[in-house]
Amino acid sequence: MPRKPRHCPPGEIVHVCNRAAQRSQMFFHEFDYQQVIQVLSEALKKYPVDLFAYCLMPNHWHLLLRAKKPMAISKMLHWFSSKQAVRWRKINQTIGYGAVYQNRFRSHLVVGGPAFLIVARYIERNPVSANLCKSALAWKWSSASPENHIPIGSWPVPKPKAWQKYLEQKIDDETLRQITMAKSLSEPFGTDPSQKPTEIRFAA
C-alpha cells in the first residue's frame with residue numbers, strides 16, 4: 001500500500017522535523033554538524049524551497065520551510081535525508097547497519113503570522129529547552145547563531161526588533177503542548193491567518 005504523502009503545499013509555511021533511529025545520538029562533534037550544514041545547503045540550492053529557521057540537535061533537527069512548487073519540500077527532504085544518511089554511515093564506518101532515521105519526516109502547517117513567530121522561536125530555542133546551552137545565540141547549529149552559514153529566506157512577517165530578547169524567554173507549557181500535538185498529529189498550528197503578527201504576546 002503506498003504511503004500517504006506529507007501535506008506540504010506550495011506557498012504554505014511548514015514545520016518539519018526528523019529524529020535518529022531509536023532516538024540515538026547522531027551528531028557528536030563539530031565536524032558532524034558541519035557535514036549536515038553542507039548537505040542542507042546543497043539541498044536548498046537544488047530544490048525551490050525557502051528556509052526561514054532551523055536547528056540541528058544531537059539526535060534530531062527542525063526546519064521551517066515554504067515550497068515554491070508542488071512536492072518541493074518532500075523531494076528536498078528525501079534528497080537531504082538520503083544524502084546525509086549515506087555520508088553519516090561512511091564517516092562512521094557503519095554502512096549496512098540499517099536506517100539512520102527512525103521514519104519519514106514529521107510535518108505540520110503553520111497558519112498565520114503569530115504562529116510563524118511562535119514556531120520560529122520554538123525551533124531556535126530548542127537547545128535551550130534541552131539544557132544544551134543557556135542562550136539560543138550560543139548554539140552554533142541553528143539560524144539563531146551569529147555564525148549561521150545557511151541562507152535564510154525573507155520572513156513572511158516582520159521580524160520583531162526585540163527578537164533576541166524573545167528568544168531568551170521561556171515558552172509557556174501550553175504553547176509547547178500545542179506544538180507537540182501539531183507535530184504528532186500532523187495538524188495545523190495556528191488557526192487565524194488574518195491575525196496580525198504584532199498581536200502575539202511574549203512574557204514580560
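Trainee: How many residues does α6 have, and what does it reach from its first C-alpha to its last?
Mentor: α6 has 13 residues and reaches 18 Å from first C-alpha to last. That is close to the 18 Å expected at 1.5 Å a residue. Keep in mind that this is a predicted model.

Trainee: Which residues of α6 are buried?
Mentor: T175, I179, A182 and K183 are the buried residues of α6. They cover an arc of only 100° around the axis, which puts them on the same side of α6.

Trainee: What covers those buried residues?
Mentor: The cover on the buried residues of α6 includes β1, β3, β4 and α3.

Trainee: And where does α6 (residues 173-185) lie?
Mentor: Helix α6 lies across β1, β3 and β4. Its direction is at about 120° to β4.

Trainee: What goes on at the start of α6?
Mentor: D172 sends a side-chain oxygen to within 3.2 Å of the backbone nitrogen of E174.

Trainee: And just after α6?
Mentor: S186 sits there, with a positive phi of about 55°.

Trainee: Back to α3. What does α3 reach from first C-alpha to last?
Mentor: α3 reaches 17 Å with its twelve residues.

Trainee: How many residues of α3 are buried?
Mentor: Eleven of the twelve, so α3 is largely enclosed by the rest of the structure. The buried residues include F116, L117, Y122 and I123. R121 and E124 are on the buried list too.

Trainee: New topic, the sheet. What is the strand order?
Mentor: The order is β2-β3-β1-β4. It is an open sheet of four strands with antiparallel pairing.

Trainee: Which strands are at the edges?
Mentor: β2 (49-56) and β4 (106-110) are the edge strands. Each pairs on one side only. From one strand to the next, the twist averages 20°.

Trainee: How many bridges link β2 and β3?
Mentor: Seven, in the antiparallel sense. V49 has A67 as its bridge partner in β3. C55 has H62 as its bridge partner there.

Trainee: What joins β2 to β3?
Mentor: A hairpin, through three residues.

Trainee: How many bridges for β1 and β3?
Mentor: Seven bridges, again antiparallel, between residues 13-19 of β1 and residues 60-67 of β3. I13 has R66 as its bridge partner in β3. N18 stands opposite W61 in β3.

Trainee: β3 first, then β2: buried or exposed?
Mentor: Seven of the eight residues of β3 are buried, so β3 is largely enclosed by the rest of the structure. In β2, eight of its eight residues are buried, and the strand is mostly covered.

Trainee: Which strands does α1 lie across?
Mentor: Helix α1, residues 30-46, lies across β2 and β3. α1 runs at about 170° to β2.

Trainee: Switching to S143. Where is S143 found?
Mentor: In the loop between α4 (126-129) and α5 (163-167).

Trainee: Why does S143 count as buried?
Mentor: Because its relative accessible area is 13%, and buried means under 20%.

Trainee: What does the S143 side chain make a polar contact with?
Mentor: The side chain of E124. The polar contact is 2.6 Å. E124 is also one of the buried residues of α3.

Trainee: What else does S143 touch, not counting residues up to four places away in sequence?
Mentor: Besides E124, S143 touches A53, Y54, N148 and I152.

Trainee: And L137, where is its place?
Mentor: L137 is in the loop between α4 and α5.

Trainee: What separates the C-alpha atoms of L137 and P127?
Mentor: They are separated by 9.8 Å. The two residues are ten apart along the chain.

Technical notes:
Residues numbered from 1 in each chain as written. Predicted model: local features only at pLDDT ≥ 70, side-chain atom pairs only at ≥ 80, totals over all residues. Heavy atoms only, no water. Helix = DSSP H or I, 4+ residues; strand = E, 2+ residues; numbered from the N terminus. Buried < 20%, exposed > 50% of the residue type's maximum accessible area, 1.4 Å probe, protein only. Polar contact = N/O pair within 3.5 Å; in protein donor to acceptor, adjacent residues only side chain to side chain. Contact = heavy atoms within 4.5 Å. Pairing = 2+ DSSP bridges. Axes fitted to C-alpha atoms, helices over the stretch in contact; angles between N-to-C directions. Expected span 1.5 Å × (residues − 1). Arc of directions from axis to C-beta.
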